[in-house]
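These are my notebook entries on one structure. I set down what I looked up, in the order in which I looked it up.

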Amino acid sequence: MKRQIDKEIVLSVKNLIVKFFTKNKVVNAVNGINYNLYKGEILGIVGESGSGKSVNVLSITNLIRPPGKIVEGEIIYDSKNILNLSSKELRKIRGKEIANIFQDPMSSLNPVLKIGTQIIESILKHTNINKKNSIKRTLELINNVGIPSAKERYFNHPHQLSGGMRQRIMIAIGLSCDPKILIADEPTTALDVTIQAQIVDLIQDLKIQYNMSIIWITHDLGLLAGIADRIIVMYAGRIMEEANVIELYENPKHPYTKALLQSTPDLNDDSEKKLHTIEGYPPDMTQEFVGCPFFDRCLYKENICNQNNPDLRQVNTAHNIACHIDI
Amino acid sequence: MILAGPDALPEQIEVITKELGLDKPIISQYFIWISNILMGDFGKSIINGYPVFKLISLKFVATLELAISGLIISLLIAFPLGILSAIKRNGIIEKFTTIFTALGQAIPTFWLGILLVLVFSIKLRWLPPSGRIEFTENPELAFKLIILPAFTLGVYTASVLTRFLKTSVLEILTLDYVLTARAKGLSEWIVIIRHVIKNALIPFVTVLGLQFGAFLGGSVVTESIFDWPGLGRLMLQSIHTRDYPVLQGTILVVVFGFVIVNLIIDLLYSFLDPKIRY
């Protein structure tokens, strides 16, 4: 892509296709997406449930498990295609270069292992730091993610910690080996709003401190507005719109993004009018689309939309959409 | 009546009845028995006058020996099969495991025991068919003698345990914390050993405890086939001879053993599951 030439690309996803082969049908979870992640940015990915956003980021470190399969595509990191690496080379990237934080901190930590063990195993695996210094580093990390009395927490088990604290521990695990990229898959969805705000602040602070690029997945457009540099809107396993954050909120070009933004409640709006909804249902992902997957629900559709699936096209330097129509 | 024989005179029967306390009501007979037991007196066999406690403790050692060997064999089978078949799905190991668990649970113990004797003792002449000697006397022979009964006893439990372990490993492999562990870049074996197995053990030991408790009761069938002088056969004999003091004593010990094993399992939980603390 021509824009942001000054920025260094750290990760590049090319024509990624992921399918899930269940007993009697094939679910097309991700259908040929392309995007780049630039150094030091927070890239937000939004989409409703089942739009393929999680599958997309799990593919980055090849964590898709059967029956899911990456059918096609390239994930370029450090000028190598991650999908072609041996499992040994891949394990050197997972957790060290690219770290993941998952949605539900309640189930993402192993209930029978001590917090300390779960952080330190990553350090011992990826670095040459000896045991004694690893413990020291682990305690620093626990401290760094805002948990007091680290020494005590080191020996705690997950059930002794609150949800927010567990998510902080997940972040500590993610940061343990100074990753270049942090993938946060709905890291605040399972938390209440106050804790959510704390976690968002924490990740933003740590981004600067650790000099990382972050891919942040959520279905909360309001949240992304405050933190992301760029946003990708996904629908039915495709990228519908890609733009920098101000552009996307002020000047959405895709009918789906427009509809999404209209369905976001505004707390400052005192009028009695009903909240806008998007008519219809998300598409059945087992079908193959000839035309645009949003066709059935689109307010601006024309004949061409049902015959031809629109490719991502550039509308201006910081803005791409997959739509035939100019609105 | 049985003791005195068919030709007994009424006076003889009266004497025996008095001696055994059978003239008292059942309830007080029961309380006499209980209070004696609390004082460590299990009574005497009415057949040969041998003290019940001594009789049971002799047989208990044999049963314990067989139970532990049976358990070891079932663990040796269940652990690798259960875990490998869950990890390598749709492979040869899984097919083998499916067949093994189905057969293991379906084959009757007496048939398997007799078959094993037929093959390994009579045809191949590798192992002695039956009997037991102390390990201290002749370790090699004692070892050879225990293999077949332990295997007979262990196969059923092995198949139960294998199925159980496979299911729980399969379930745990889909959980989020396993994904977290993989995302850390840990090797698959570390993920399995450190993150999966310990969690899978929690439900596993429950079944293990129940099975071992059942072993302690002595397997009547296995012990009979292999002429193993354990509690199961003692129980069977005392039923045949209507030797009530021995029968009651044996049952008491078996139940007690079962309870103790389950207590140990409960204590094991606290070791495996950090949420449980006593």
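I began with burial in chain A: buried residues make up 40% of its 327 residues. I call a residue buried if 20 or more other C-beta atoms lie within 10 Å of its own, exposed if 12 or fewer, and partly exposed in between, with C-beta atoms placed from the backbone.

I note that this is a predicted model, in which local features need pLDDT of at least 70 and side-chain atom pairs count only at pLDDT 80 or more, while totals for chains, interfaces and linings use all residues. Residues are numbered from 1 along each chain as its sequence is written, and chains are lettered from A and ligands numbered from 1 in the order in which they are written.

**Overall form of chain A.** The C-alpha trace spans about 65 × 50 × 45 Å along its principal axes. Of the contacts in chain A with a separation of 6 or more, 64% join residues 24 or more positions apart; I count a contact if the C-beta atoms, placed from the backbone, lie within 7 Å.

**Sheets of chain A.** I listed twelve helices and twelve strands, which are DSSP runs numbered from the N terminus (helices H or I, at least four residues; strands E, at least two). Strands pair if DSSP finds at least two bridges between them. Eight strands form an open sheet with mixed pairing, in the order β6-β7-β8-β3-β9-β10-β12-β11. Its edge strands are β6 (98-101) and β11 (313-316), each pairing on one side only. Within this sheet, β7 (residues 181-185) and β8 (residues 213-218) run parallel over five bridges, and A:Leu182 has A:Ile214 as its bridge partner in β8(A).

I found a further open sheet of four strands, antiparallel, in the order β2-β1-β4-β5. Both β2 (26-38) and β5 (80-81) have a single partner strand, so one side of each is left without a neighbour in the sheet. β1 (residues 9-21) pairs with β2(A) over ten bridges in the antiparallel sense, and A:Ile9 stands opposite A:Tyr38.

**A:Asn156.** Is this residue buried, exposed or partly exposed? I record A:Asn156 as partly exposed because it has 18 C-beta neighbours inside 10 Å. It lies in the loop between α6 (150-154) and α7 (163-175) of chain A. Leaving out residues up to four places away in sequence, A:Asn156 touches A:Lys114, A:Ile115 and A:Leu161.

**Chain A against chain B.** I found 22 residues of chain A in contact with 18 residues of chain B. On the side of chain A that touches chain B, α2 (87-93), α3 (105-108) and α4 (115-126) each supply at least two residues, and α4(A) gives the most, with four.

**Helix pair in chain B.** I took up α5 (residues 109-123) and α6 (residues 139-173) of chain B, which pack at about 145° with their axes 10 Å apart. Axes are lines fitted to C-alpha atoms, for helices over the stretch in contact, and angles run from 0 to 180 degrees between N-to-C directions. Among the contacting residues are B:Leu116 and B:Phe120 of α5(B) and B:Phe151 and B:Val155 of α6(B).

How values were computed. Two residues are in contact if their C-beta atoms, placed from the backbone, lie within 7 Å.
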